Amino acid sequence: MKRTDSKWLTWLPPVLTAGVILGLWQAIISVFHVPDYLLPTPRQVAGALWRDHEFLFNAALHTGGSALVGFFAAVIGGALVAVALANSRWMKAALYPWVLFVQMVPVVVMVPIFVLWFGAGFPSVVAISFVISFFPVVASTTLGLVSTDRALLELFAIQQATKLQEIFLLRVPSALPYFLTGVKIAATLAPIGAISGEFLAGTEPNTLGYILIYDRAIPGKMPEVFAVALVTCALGFMFVGAVQWLSWRLLRQWHESAQSSE
Amino acid sequence: MPAAAMPTATRVQLDGVSKRYAAGPEVLSPINLEAAPGDFVTLVGPSGCGKTTVLRLLAGLTEPSAGTLRIDDLEPAAARNHLAYIFQDPTLLPWLTARRNVELPMRLRGELPERRAAVARDLLQLVGLAEAENKFPRQLSGGMKMRVSIARALARRPGLLLLDEPFGALDEITRNRLNEDLLRLRQTTPFTAFFVTHSVGEAVFLSNRVVVLSPGPGRIVAEIAVPFPYPREAKLRESPEYQQLVAHATAALGKNSSPAVS
């Protein structure tokens, strides 16, 4: 009985919320007579989605591909940098402020630099996606690696574990939940980075960011812009969903964060 | 365990050992203490009397400020092969099953997986947890976790077992049963034990020597010999001799400090 209750609870409220938002959206347009070049109706957006679905799907694949490359580079690079930071006080003191510094540079400043270095289009798009999803992986993985339980470290010391055994049998597994939190944040940022990159430095017309460059300039294309926004959200959800699933697979047997579904 | 792997209980010697942390006050004033192979020495005393410090010194987790410690003529750091430490918390690795936790010391020593598993199964059986071998720590009760922790310590075949209030967090029934089991294990695998506790009853039941410490700074104020022969049974607790000795030890504790007897 409880179990079915909680299942209802996972899908019903978001669906109800969606209904309420759509209703409000339509109501605002009808009541305040908002012109559709400012705010299209839900029906117009759905129409645009349906009309361009093949094109949008293709664009989502391209954008998703760039985001995926940037995402993996950020996860692997971020984890390696975190291991370096966590294992040496010197490295941490020397590198961490600069990792933070790079994170502070706005995307619009990076774009001209990346375009000059890597060329416009795919390489710059991937670089931007990488840069904005890199930092959360570094920060949370480093935190995980340095917050290993002290008693467990002493246990390993008494058992004469080597440094490598300590890292791989103790520090890495206990940092896993932290690492996955960083990866989850990276998964939300990577597609956003890719679309921003395409919008600012893109050259391929069949990408979500590039579509926006055109559609926003043409009067009456507002439903298409909203359609792109929805596809972007769907793409982001797929990224996060995949990470969430992986995280659950890895942690379900031992970590509290993965217990709620039981 | 095969007879060839039988450990031999170690001799322990503390000569004028004192401890002061950095600029802080002395936590342990010079103490002299000697344990013959097979002795079960219990350290009792209120908080701050340096009981745990003695164990940490023996494990080489901290260095004495003065004096020498010898475990079978070796310095603590060199004697780690011969000792095991059981912490207040079970300190199990949450991502490993009970059996894999028990295997850990053997894994760190590089023993083969099949052999590790076989020995771990035997040890789990010995502590009465044969059916729990594939359970994760979060699925076990506090008492069961402590049993796994004991099995893991025995996997090191220790000549010296250091126990830092291992049963302090358990209810009395579980604590009594674990006390009886610990003595039973001692019949099959000989070890010298240093056991820290707040409970005078537990101290008298387990040990052949009760050492009473007093705080500010920590020093030995009394030593009580417990004459009851091993093996000891649960019904020992009902004998008047046992109760007299508990009363005697409690008085010794109370005379020298404001007691924190549980």
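Visitor: Which residues in helix 9 of chain A meet which residues in helix 10 of chain A?
Guide: A word on the model before that: it is predicted, so to speak of local features we need pLDDT of at least 70, side-chain atom pairs count only at pLDDT 80 or more, and totals for chains, interfaces and linings use all residues. Residues are numbered from 1 along each chain as its sequence is written, while chains are lettered from A and ligands numbered from 1 in the order in which they are written. Now, Leu208(A), Ile211(A), Leu212(A) and Asp215(A) of helix 9 meet Glu224(A), Val225(A), Val228(A), Val231(A) and Thr232(A) of helix 10. Contact means C-beta atoms, placed from the backbone, within 7 Å; helices (H or I, at least four residues) and strands (E, at least two) are DSSP runs, numbered from the N terminus. The residues of this contact split into six nonpolar, one polar and two charged.

Visitor: How do I describe such a pair of helices?
Guide: Two packed helices are described by the angle between their axes and the distance between the axes. Here the axes of helix 9 (208-215) and helix 10 (222-251) of chain A come within 10 Å and cross at roughly 165°. The axes are lines fitted to C-alpha atoms, for helices over the stretch in contact, with angles from 0 to 180 degrees between N-to-C directions. Helix 9 and helix 10 of chain A are therefore roughly antiparallel to each other, a label for angles over 145 degrees.

Visitor: And sheets?
Guide: Strands of a sheet pair through backbone hydrogen bonds, either parallel or antiparallel. In chain B, an open sheet of three strands runs in the order 2-1-4, with antiparallel pairing; pairing takes at least two DSSP bridges between strands. Strand 2 (26-35) and strand 4 (66-71) of chain B are the edges, each pairing on one side only. From one strand to the next, the twist averages 20°.

Visitor: How many bridges join strand 1 and strand 2 of chain B?
Guide: Six, in the antiparallel sense, and Leu14(B) stands opposite Leu33(B) in strand 2 of chain B. Helix 1 (51-58) of chain B packs on the sheet, touching strand 1, strand 2 and strand 4 of chain B.

Visitor: Where do the chains touch?
Guide: Twelve residues of chain A are in contact with 14 residues of chain B. On the chain A side, helix 7 (150-158) and helix 8 (163-201) each give two or more residues, and helix 7 of chain A gives the most, with five.

Technical notes
Contact = placed C-beta atoms within 7 Å. Parallel < 35°, antiparallel > 145°, perpendicular 65-115°, else oblique. Nonpolar A, V, L, I, M, F, W, Y, C, P; charged D, E, K, R; others polar.
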